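Please report on the structure shown below. Cover its salt bridges, helices, aromatic pairs and surface.

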Amino acid sequence: MVKEAKPKAKNPSGDARELVDLVIAYAKQETLDPLKGLLKNAGFGLGGALLLGFGGIFCSIGALRAMQSETDFFERHNLTWLPYFLTVVILLLLSAIGWAGLGPGKKDK
């Protein structure tokens with residue numbers, strides 16, 4: 001006589017646990033993985049901004065020192081404050097150009 005295979009009764013608590021595990025895995029996949037990528041990109045952006053800022057500071061100090069030491073025009077005309085003023089004006093101008101080009105109010109076309 002051949003025994004027929006009886007369907008096994010499923011354990012409802014096992015199904016519930018499986019459902020909870022599935023929901024947790026889905027939540028991790030849909031929230032944590034994109035956040036990790038976002039944080040990675042934000043880190044690169046922050047690092048680039050810091051390096052660009054330091055580069056701007058060093059370039060402006062170099063330009064200031066070049067105006068002070070390589071030219072005697074400012075000392076001859078008693079305008080020793082003018083290199084500082086010109087450096088600040090140039091930095092403000094570059095900041096305004098950057099703000100206008102990358103700042104708020106830009107619309108995607």
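## Salt bridges

Asp21 and Arg17 are four residues apart in helix H1 (residues 12–69), so about one helical turn separates them. Helices here are DSSP runs of H or I with at least four residues, strands are E runs of at least two, and numbering starts at the N terminus. Asp21 forms a salt bridge with Arg17, and the closest N and O atoms are 3.3 Å apart. The term means a side-chain nitrogen of Lys or Arg within 4 Å of a carboxyl oxygen of Asp or Glu. Side chains of opposite charge can pair when their charged atoms come close. Asp21 is partly exposed, at 38% relative accessibility. Buried means under 20% relative accessible area, exposed means over 50%, and partly exposed lies in between (1.4 Å probe, protein chains only).

The structure holds two salt bridges. Asp72 forms one with Arg76, with 3.6 Å between the closest N and O atoms. Asp72 is partly exposed at 45%, whereas Arg76 is exposed at 58%.

## Basis of the model

This is a predicted model: local features need pLDDT of at least 70, side-chain atom pairs count only at pLDDT 80 or more, and totals for chains, interfaces and linings use all residues. Residues are numbered from 1 along each chain as its sequence is written, and side-chain values use heavy atoms, with hydrogens and water left out.

## Overall make-up

The protein chain has three helices and zero strands. From the N terminus, its elements run α-α-α. Of its 109 residues, 7% count as buried. The chain exposes about 10,100 Å², and carbon and sulfur atoms supply 69% of that area. Accessible areas come from the Shrake-Rupley method with a 1.4 Å probe; for residues, only the protein chains shown count as cover.

## Aromatic pairs

A search of the whole structure finds two aromatic pairs. The ring centres of Phe73 and Phe74 are 5.5 Å apart and the planes meet at 80°, so this pair is edge-to-face. Rings of Phe, Tyr and Trp (its six-membered ring) pair if their centres lie within 6.5 Å; planes under 30 degrees apart count as stacked, over 60 as edge-to-face and the rest as tilted. Phe73 is partly exposed at 38%. Phe74 is buried at 11%.

The rings of Trp81 and Phe85 also pair, with centres 6.2 Å apart and planes at 65°, so they too are edge-to-face. Phe85 is partly exposed, at 48% relative accessibility.

H3 has 21 residues, which should span 30 Å at 1.5 Å a residue; its end C-alpha atoms are 30 Å apart, in agreement. The expected span is 1.5 Å times one less than the number of residues. Leu82, Pro83 and Thr87 are buried in H3. Seen down the helix axis, the buried residues of H3 fall within an arc of 140°, so they line one face. The arc is taken from the directions between the helix axis and the C-beta atoms. The face turned away from the buried side carries the exposed residues Leu92, Trp99 and Ala100.

Which residues make the nonpolar surface patch of about 790 Å²? They are Trp81, Phe85, Leu86, Val89, Ile90, Leu93, Leu94 and Ile97. Patches are made of residues with over 30% relative accessible area and no salt bridge; like charges are joined within 9 Å, and nonpolar side chains (Val, Leu, Ile, Met, Phe, Trp, Tyr) within 5 Å. Leu94 lies in H3 (residues 82–102). Leu94 is exposed, with a relative accessible area of 53%.
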